[in-house]
Amino acid sequence: MGSKVGGSSTDKDLDKETPQKNEKEVFEEGSEQLKLETILKELDVLIGLDNIKAEVQELINFLKVQQVRKSRNLPTPNLSLHVVFYGNPGTGKTTVARMLSKIYKALGILSKGHLIETDRSGMVAGYVGQTALKVSDAVEQSLGGVLFVDEAYSLTDNDEGGFGREAVDTLIKAMEDHRGDLAVVIAGYTKNMQNFLSSNPGLKSRFNRYWEFKDYTPPELFKIFLSLCSTGHYLLSDPAKRKLAILLQKTCDQKDETFGNGRLVRNLYEATISNQASRIVLHENMSDDVLTTIDASDIPDDITSL
């Protein structure tokens, strides 16, 4: 029988053209894919954050395609892993930053995938020469993972002595020196962060992704409260549910930029179960129903002080 013509390749030719992966490489790729799927499932079950979930998926898609292009010796842009998180407290910024570090690890981009949290107190010293050392130490701990700087705008607020500026300059240099194995996420109130980045063009140029963490809606806050109750094995009576819904709606209607979002709901939950404990502690028959039921009277009438 004659050999095939017209562009078909023999099995031997195909083996030469397509590098065969060994069992270890195949196993590791499958393992990392499972890790990524697990992380994305954890992200997906978080209440709200729909726009953030879309941003994360868009970033993953981009990074995956760039990895394929690199494997084919096609041009790829310099990847920036750094992200700015805008938003009020309690909107899930730290949780998402921790997941982002794990995603980078699962994709093989970062070597460790851990998260180091810091703020002004962890980066700015009160005397000459010490600020650069504090920033360098924070960066060193973060290598292979994500450095999460909360309330980053406070680095240069009331910057007497220029120590905050020194911290920013040291951070910029570290981001450049370790761009292959360090991701920096800076977070804070939207307006404050916009002003902070506008006054620091060198820092702003290191970021090209800006994610807005929106305030939770009253129904989302209600779901968060129910989730806390489920975890703690508590059940709300119908009157308690009605009171909670009205309270959360009123709170959202009157909110300002210090609104605590999920953090406020956790404080409300803790105050509620504390009130419930005080109500039932003298019950002679402390049945499971008594122990797990939250009544309307257990929910605080005012949560502005929480």
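Reader: Let's start with Lys173: buried or exposed, and at what relative accessibility?

Author: Lys173 counts as exposed, because its relative accessibility is 52%. The cut-offs go like this: buried means under 20% relative accessible area, exposed over 50%, and partly exposed in between, using a 1.4 Å probe and protein chains only. Keep in mind that this is a predicted model, where local features need pLDDT of at least 70 and side-chain atom pairs count only at pLDDT 80 or more, while totals for chains, interfaces and linings use all residues. Residues are numbered from 1 along each chain as its sequence is written, and side-chain values use heavy atoms, leaving out hydrogens and water.

Reader: Which residue forms a salt bridge with Lys173?

Author: A salt bridge here is a side-chain nitrogen of Lys or Arg within 4 Å of a carboxyl oxygen of Asp or Glu. Lys173 pairs with Asp177, and their closest N and O atoms are 2.7 Å apart. Both sit in helix H7 (residues 163-177), and because they are four residues apart there, about one helical turn separates them. Helices (H or I, at least four residues) and strands (E, at least two) are DSSP runs, numbered from the N terminus. With a relative accessible area of 48%, Asp177 is partly exposed.

Reader: How many salt bridges does the structure hold?

Author: Nine. One of them joins the side chains of Glu176 and Arg206, at 3.6 Å from N to O. That pair links distant parts of the chain, 30 residues apart: Glu176 is in helix H7, and Arg206 is in the loop between H9 and S5. Another connects Lys243 to Asp301, with the closest N and O atoms 2.7 Å apart. Lys243 lies in helix H11 (residues 238-253) and Asp301 in the segment after strand S7 (293-294), so this pair ties together parts 58 residues apart in sequence. Glu176 and Arg206 also belong to one network with Arg179, joined by salt bridges that share partners.

Reader: Okay, now the inside. How many residues does the largest nonpolar core have?

Author: First the idea: a nonpolar core is a set of buried Ala, Val, Leu, Ile, Met, Phe, Trp, Tyr and Cys residues joined through side-chain atoms within 4.5 Å. The largest has 53 residues, and Phe85, Tyr104 and Trp211 have the most contacts inside it. Helix H4 (residues 93-106) gives the largest share, seven residues. Domain 1 (30-212) and domain 2 (218-294) both contribute residues, so this core lies between them; domain bounds come from an automatic or database domain assignment.

Reader: What is Phe85 in contact with, leaving aside its neighbours within four places in sequence?

Author: Contact means heavy atoms within 4.5 Å. The partners of Phe85 include Lys93, Phe148, Ile186, Trp211 and Phe213. Apart from this core lies another, of 30 residues, with Val84 and Leu143 among them.

Reader: And which residues make up the covered face of strand S5?

Author: Trp211 and Phe213 form the covered face of S5 (residues 210-213), while Tyr210 and Glu212 form the uncovered one. Two strands pair if DSSP finds at least two bridges between them. Strand S1 (residues 83-87) and S5 run parallel, joined by four bridges, and Tyr86 stands opposite Glu212.

Reader: What about the loop between helix H9 and S5?

Author: Asn208 is found there, with helix H9 spanning 201-204. Asn208 counts as exposed, because its relative accessibility is 52%. The C-alpha atoms of Asn208 and His82 are separated by 7.6 Å, though these residues are 126 residues apart along the chain.
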